[in-house]
Amino acid sequence: LKPSWLKRFGCRLHCRSPHPCKTAPHTPPAMTESLQYRGMLSGHRGWVTSVTTTYEQSNVLVSGSRDKRVMIWEMTPDGESVGYARRLLTGHSEPVASVVLSSDGQFALSG
């Protein structure tokens with residue numbers, strides 16, 4: 001029995017193999033168990049439009065928002081708070097649509 005969304009949209013949304021679902025039925029890949037909700041970071045005054053981190057420094061997040069600000073966050077290990085804002089960067093004249101970090105985490109680009 002296929003889920004209703006699969007009946008409606010077909011195999012193209014989740015298949016990585018070239019076969020049609022009718023000849024080789026399977027289930028969509030499961031979400032990894034490594035993702036876990038830890039809480040909410042508060043600081044932006046508008047919708048958050050982008051969040052990024054690096055593999056090497058996964059305890060540091062950078063977020064951009066419609067409030068025209070970029071924030072750098074430090075995630076804390078299992079404690080009372082999830083994390084805190086290390087730095088608030090201002091200067092954009094328009095809402096921040098996207099933020100990215102260099103692979104070494106030394107540079108950020110926003111716009």
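Trainee: Is E74 buried or exposed, and what is its relative accessible area?

Mentor: This is a predicted model, where local features need pLDDT of at least 70, side-chain atom pairs count only at pLDDT 80 or more, and totals for chains, interfaces and linings use all residues. Residues are numbered from 1 along each chain as its sequence is written, and side-chain values use heavy atoms, without hydrogens or water. Buried means under 20% relative accessible area, exposed over 50%, and partly exposed in between (1.4 Å probe, protein chains only). E74 counts as buried, its relative accessible area being 16%.

Trainee: Which residue forms a salt bridge with E74?

Mentor: A salt bridge here is a side-chain nitrogen of Lys or Arg within 4 Å of a carboxyl oxygen of Asp or Glu, and the count by this rule is one. In that bridge the closest N and O atoms are 2.8 Å apart. E74 lies in strand β3 and its partner in strand β4, so the pair ties together parts that are twelve residues apart in sequence. At 46% relative accessibility the partner is partly exposed, and the residue that bridges to E74 is R86.

Trainee: In what order do the elements of the protein chain run?

Mentor: Helices (H or I, at least four residues) and strands (E, at least two) are DSSP runs, numbered from the N terminus. The protein chain has one helix and six strands. From the N terminus on, the order is α-β-β-β-β-β-β.

Trainee: How many bridges join β3 to β4?

Mentor: β1 and β2 pair over four bridges, with T52 opposite V62 in β2. Strand β2 (residues 60-65) and β3 pair over five bridges, and S63 stands opposite M71 in β3. For β3 and strand β4 (residues 83-89), I72 has R87 as its bridge partner, and the number of bridges is six.

Trainee: Which residue in the turn between β2 and β3 has a positive phi?

Mentor: The two strands form a hairpin with four residues between them. The phi in question is about 70 degrees, and the residue is K68.

Trainee: What share of the accessible surface of the protein chain belongs to carbon and sulfur atoms?

Mentor: Accessible areas come from the Shrake-Rupley method with a 1.4 Å probe, and for residues only the protein chains shown count as cover. Buried residues make up 23% of the 111 residues in the protein chain. The accessible surface is about 8,900 Å², and the carbon and sulfur share is 54%.

Notes. Pairing = 2+ DSSP bridges.
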